[in-house]
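Please look through the sequence and the structure shown here. The text after them goes through a few parts in turn.

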Amino acid sequence: MILGNLASSVGNVVGDITGLNKPSKNTITGSVVIVKKNVLDFTAVHSTVADSLFELLGNQVSLQLVSAENPDPANENGGKLGKLAALEYWNLTYTPLLAGDDSLYKVSFEWDEEFGIPGAIILRNNHTAEFFLKTITLENVPGEGRIHFVCNSWVYPDRRYKKPRIFFSNKTYLPHETPAALRKYREEELQVLRGDGTGQLKTGDRVYDYALYNDLGDPDKGADLARPILGGSAQYPYPRRGRTSRPPSKTDPKTESRLFLPTILNVYVPRDEQFAHLKLSDFIAYNLKGLVNQIIPLLEAFVNYTPNEFDSFKDVDNLFFNGLPLPTDLINQVANNIPLEMMGEFFRSDGRQLLKFPVPKLIEDRSNPFAWRTDEEFGREMLAGLNPLLIQLLLEFPPVSNLDPQVYVNQDSSITKQDIEYNLDGLTVEEALSRKRLFILDHHDTIMPYLQTINEYTEAKTYASRTILFSRGDGTLKPVAIELSLPKMEEDKIGCVNKVYTPAEHGVEGWIWMLAKAFVNVNDSGHHQLVSHWLNTHAVLEPFVIATNRQLSVVHPIYKLLHPHFRDTMTINALARELLINANGIIERTFCPGKYSLEMSSVIYKSWNFMDQALPNDLKKRGIADGDIKSLDDLDRLLIKDYPYAVDGLKIWFAIEK
């Protein structure tokens with residue numbers, strides 16, 4: 001405490017000598033909210049001490065007003081600059097002991113009428129450690145009142161930057177509306193964020209740049225871990241990712257080298273895109289390390305009778321109802337790698353060493369443990385399950401393929417009228433089609449191109465599938481036929497062998513029908529994870545995150561609308577490339593396409609269209625909406641009324657549009 005008071009007193013003396021703290025007759029006072037690298041972050045203790053000493057020597061955190069009204073010819077017509085002002089009483093201000101808590105500082109700026117209204121603030125961190133700058137607020141600005149600056153940015157020591165950090169007031173301008181005095185600073189800030197496309201990017205950098213997906217493989221560990229580059233070619237198109245600037249691998253100069261645990265958590269993303277500065281950052285990081293290093297090997301050990309498989313349905317049920325008993329030494333090992341918050345999610349609190357997962361609502365009622373097997377539940381999940389984005393109206397019967405006829409032959413469906421008409425509540429196929437009561441879940445054309453490769457070169461065995469569903473009078477869907485297909489060479493083209501299965505409840509036929517539904521679910525869950533979720537949600541958004549930061553200033557109104565929705569996306573995607581979608585990662589180890597998973601998603605991306613991503617357009621294209629849906633008044637145009645993804649999604653869609 002004595003040292004702190006002495007440091008503060010000397011700092012104020014130095015501030016008075018340098019003029020940084022001297023108020024004039026006309027002053028603007030302000031407050032600055034900062035989150036320091038906390039004293040409980042033991043890696044930052046030396047920085048905390050050093051920053052206090054830097055304050056003693058006059059190396060303070062300084063701020064400088066930038067006029068929004070009066071350009072300065074001597075400053076390339078940029079806004080007139082005010083005098084430097086330092087944050088007051090840095091060493092005396094209380095630093096919270098809890099990580100993530102705010103510290104509030106005061107600052108006083110000299111001001112005169114010729115300066116005009118401030119539109120930006122230049123900030124220089126002359127300390128040794130970075131801090132998170134939340135807001136700056138100016139009070140009682142003549143002619144304006146309060147001016148607020150929403151910053152939410154990590155500020156590193158000024159020597160790290162080619163140009164000092166600048167923050168704009170919380171106003172919006174289209175480019176041509178930007179005050180002339182601020183245009184220079186607006187363009188310079190965008191140039192910083194774009195970078196020059198060269199050099200190694202380091203922690204703390206703010207560069208948003210593009211790269212191909214050339215970081216999935218690991219050829220240095222063997223040819224089997226090499227993967228094709230996704231993006232930049234007609235063969236493997238893909239959205240761009242953020243550039244990380246790692247050096248090339250030793251084996252293949254076109255493939256980027258990889259990081260390994262625990263350094264994967266240091267993969268480059270622009271500093272302000274990283275997980276929030278609260279302990280959630282470390283929490284998620286430990287989650288990833290714990291899951292990969294501990295939980296998956298644990299499950300592999302559990303299913304050791306049949307490697308990579310459960311031995312019975314009872315083993316699956318045990319994950320939810322009874323838990324899996326774990327040896328004490330493994331518990332201790334996991335505990336050393338996963339924080340208490342996560343341990344509570346995985347293990348019971350009654351002292352028993354069990355791995356246990358939440359019970360799905362569907363099987364909570366133990367009096368009906370096989371509710372998940374019913375045809376009604378199978379149909380419901382097309383609308384309210386894992387992947388309610390693919391079901392579409394059947395327009396012609398039997399279904400046809402759109403695969404390239406130069407490569408494929410005889411790919412149309414073999415389902416006949418006789419297979420399904422007895423299940424159409426008295427309707428003929430033609431009547432069901434005309435009344436728009438037949439739907440299809442089609443996983444034929446997406447899987448067939450890779451099916452032979454998957455079945456021959458991975459441990460998985462699967463089929464391409466088509467599922468026909470009938471809309472019953474009560475609005476529910478019931479499956480009436482499932483077609484499973486395998487490839488078959490016909491001269492120089494790829495044909496297929498189709499097998500049609502129809503509903504059955506008892507005996508061998510009942511079990512075969514359930515197995516057919518299981519293959520459909522395998523395809524659907526894989527498509528959800530690889531395409532609906534990873535590709536169409538995460539991957540396609542990343543170029544928009546990059547482009548927004550490269551092309552739209554923080555004062556652009558569209559930037560302010562988009563920015564909250566981009567939060568954490570680049571970090572999640574970067575970690576996914578390290579742990580989930582990489583060669584021999586979790587996706588390849590758990591989904592049937594195996595090592596061809598991402599390559600397969602690239603082929604599917606060829607048909608991606610931006611305009612189709614609008615929910616009303618998507619529903620119309622899939623035939624679920626009978627015409628255009630322009631408002632919530634048009635919900636009656638949905639052919640399926642009990643379709644939560646469509647009904648709830650449209651409510652959200654039109655709320656956002658409004």
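In this predicted model, helix H12, made of residues 507-538, lies across strands E15, E16, E17 and E18. The helix runs at about 80 degrees to E17.

These strands belong to an open sheet of 5 strands, in the order E14-E15-E16-E17-E18, and the pairing is antiparallel. Strand E14 (392-393) and strand E18 (493-501) are at the edges and have a single partner strand each, so one side of each has no neighbour in the sheet.

The partner of E18 can be followed in more detail. Strand E17, residues 477-490, pairs with E18 in the antiparallel sense over 9 bridges. For Met489, the bridge partner in E18 is Ile494.

Helix H8, residues 375-384, lies across strand E15 (438-443), strand E16 (464-471) and E17. The angle between H8 and E17 is about 80 degrees.

Another part to find is helix H15, residues 569-579. Of its 11 residues, 10 are buried, so the helix is largely enclosed by the rest of the structure. Among the buried residues of H15 are Thr569, Met570, Asn573, Arg577 and Glu578.

How far can the coordinates be trusted? The mean pLDDT of the chain is 85, and 81% of its residues reach 70 or more. Over residues 1-24 the pLDDT is below 50, and this stretch has 34 contacts in the model beyond near neighbours in sequence. Residues 283-290 also have pLDDT below 50, with 16 contacts beyond near neighbours in sequence. Where pLDDT is low, predicted coordinates should not be read in detail.

Definitions and conventions
Residues numbered from 1 in each chain as written. Predicted model: local features only at pLDDT ≥ 70, side-chain atom pairs only at ≥ 80, totals over all residues. Heavy atoms only, no water. Pairing = 2+ DSSP bridges. Helix = DSSP H or I, 4+ residues; strand = E, 2+ residues; numbered from the N terminus. Contact = heavy atoms within 4.5 Å. Axes fitted to C-alpha atoms, helices over the stretch in contact; angles between N-to-C directions. pLDDT = per-residue confidence, 0-100. Buried < 20%, exposed > 50% of the residue type's maximum accessible area, 1.4 Å probe, protein only.
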